[in-house]
Amino acid sequence: MEELDVIVIGAGLTGLTIGCHLKRAGKKVLLLEKDSVAGGQIRTMHRDGFVYELGPNTGSVSTPEVKELFELLGDRVELEVADKEASNRLIWKGNTFHPIPSSLSGALFTPLFTWYDKFRILGEPFRKKGIDPNESVGSLAQRRLGKSYLQYAVDPFLGGVYAGDPCKLVTRYALPKLYNLEADHGSFVKGTIHKMKQPKTERDRKATKEVFSAKGGFGNLIKAMSEYISSDNIHLSANIISLKRGDDGVFDVCYDDEKGTRHVLRSRKVVTTVGAYALGTILSDASVEDVAQISKLQYAPVIEVAVGYKQIKPYKYKAFGGLVPSIEKRKILGILFPSDCFQGRAPQGGALYTIFMAGIKHAEYLDMTDDELKEIALCELNAMLNIDPDIKPDLIHISKYPYAIAQYYADSGERFDAIDRIERAFPGLYLGGSIRDGIGMAHRITQGTHIAQHIIDSL
């Protein structure tokens, strides 16, 4: 039986990133994906002049690895950054959206935050550091910035990124860069100033922090990555049966294809990128306690509703999108404006909106019917963007993800330790995906790049 260099279980963004770098290095790599298409939650649809995402809508060029992946793929796909005119980030308060301040005068006069907190924030550099290593993002934000900043900045931000609860997400795991600003420099302001003064290499400058997509949608990124790896090296509809490491240090991966035919592959390196809820079957030989610790990871469910209009009066702000604080008691997490950000997402004179619902605080939305979700989405959209309810949308598409976003709670350290013990017990096995190293698209690309480089070095 031919022995592969690497088998990657899961052909989502992490797995595909690993596959691309291994392919470039000339390694014999095979990706096994349970679904009938690659990409994981990333799907792009084309319908009646609209280009809309069923999964992630945007990413951030927050690490050099993002830019380098597009460089590796060359002419197969084009990196598209969001239109600078759509730089407004909106926050709902009262009965309208307000732009997040981007200037000193804006910060002073915005109605989002109280006057008390606006003046109190001047003392942020002089406040004592926290002493609780597992302090929540909510607690840290209120302690250093004030309650109104927690309610109208941090809470909606985490609702948009994690679909989570700031009082449960632990800062050093969920937002480690923010945690380190205080831990290393004593304050957010001092830490930010220190980072701005640090010299940047040419590679560092690739991390522009710009919001990005792929030209024509993220589906084109997945297509380009799959083509780079080649279809012969990606087996779809592969149901993993078992993963065993023999006494010779070689892994046997057993799986059934779409016809039910069983296959056994051999490799000295195996990477899993699947969710915590699916690891129990794959890691049947690992410590029951360690697998159970990983499987405890909680996920926020997300419901995504794409709504498109072929002709409609634009909203008063051209914007990236608007977020909704929990305290406002509305029925959605926020609205993205993809057609403001990227070219060709809606017909000329039209608009595309993506509404996000559910999240960790409203998992019960998953039990609603599509008609109920449609009614909520349109009612909220019409009310918040001042759209005449008599104007009917030309596109509505509902997507449900019960395991959308991993939540980094206080037990994350125990999960990371369990992952480390399993990898040490089974040399050559790597556990990747959102169970560790962050939940954003840049996190997935960066993690995949690092795992691939570690494998290349070890081979």
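**Notebook: a pocket, a sheet and a helix**

I began with the second largest pocket, where helix 13 (338-341) and strand 17 each supply at least two residues of the lining. I kept in mind that this is a predicted model.

Which element gives the most to that lining? I found that strand 17 does, with three residues. I noted a volume of about 430 Å³ for the second largest pocket. Its lining has 21 residues, and I listed those closest to the centre: Lys318, Ser339, Asp340, Gly349 and Gly350.

I counted seven strands in an open sheet, ordered 8-7-15-16-17-14-18, with mixed pairing. A reminder to myself: strands of a sheet pair through backbone hydrogen bonds, either parallel or antiparallel. At the edges I found strand 8 (96-99) and strand 18 (395-406), each pairing on one side only. On average, neighbouring strands here are turned by 25° against each other, direction ignored.

I then looked at one pair up close. Strand 17 (residues 351-358) runs antiparallel to strand 14 (residues 299-309), and eight bridges link the two. Opposite Tyr353 of strand 17 I spotted Val307.

What packs on the sheet? I saw helix 6 (residues 147-161) touching strand 7 (88-93), strand 15 (319-323) and strand 18. The direction of helix 6 makes about 110° with that of strand 7.

Last, I checked helix 10 (residues 218-229). Its 12 residues should span 16 Å at 1.5 Å a residue, and the end C-alpha atoms are 17 Å apart, so the two agree. I marked several buried residues in helix 10, including Phe218, Leu221 and Tyr228.

Technical notes
Residues numbered from 1 in each chain as written. Predicted model: local features only at pLDDT ≥ 70, side-chain atom pairs only at ≥ 80, totals over all residues. Heavy atoms only, no water. Helix = DSSP H or I, 4+ residues; strand = E, 2+ residues; numbered from the N terminus. Expected span 1.5 Å × (residues − 1). Buried < 20%, exposed > 50% of the residue type's maximum accessible area, 1.4 Å probe, protein only. Pairing = 2+ DSSP bridges. Axes fitted to C-alpha atoms, helices over the stretch in contact; angles between N-to-C directions. Contact = heavy atoms within 4.5 Å. 1 Å grid on protein atoms, 1.4 Å probe; cavity = no way out; pocket = protein on both sides within 12 Å on 5 of 7 lines; lining within 4 Å. Points joined across faces, edges and corners; volume = space filled by probe spheres on them.
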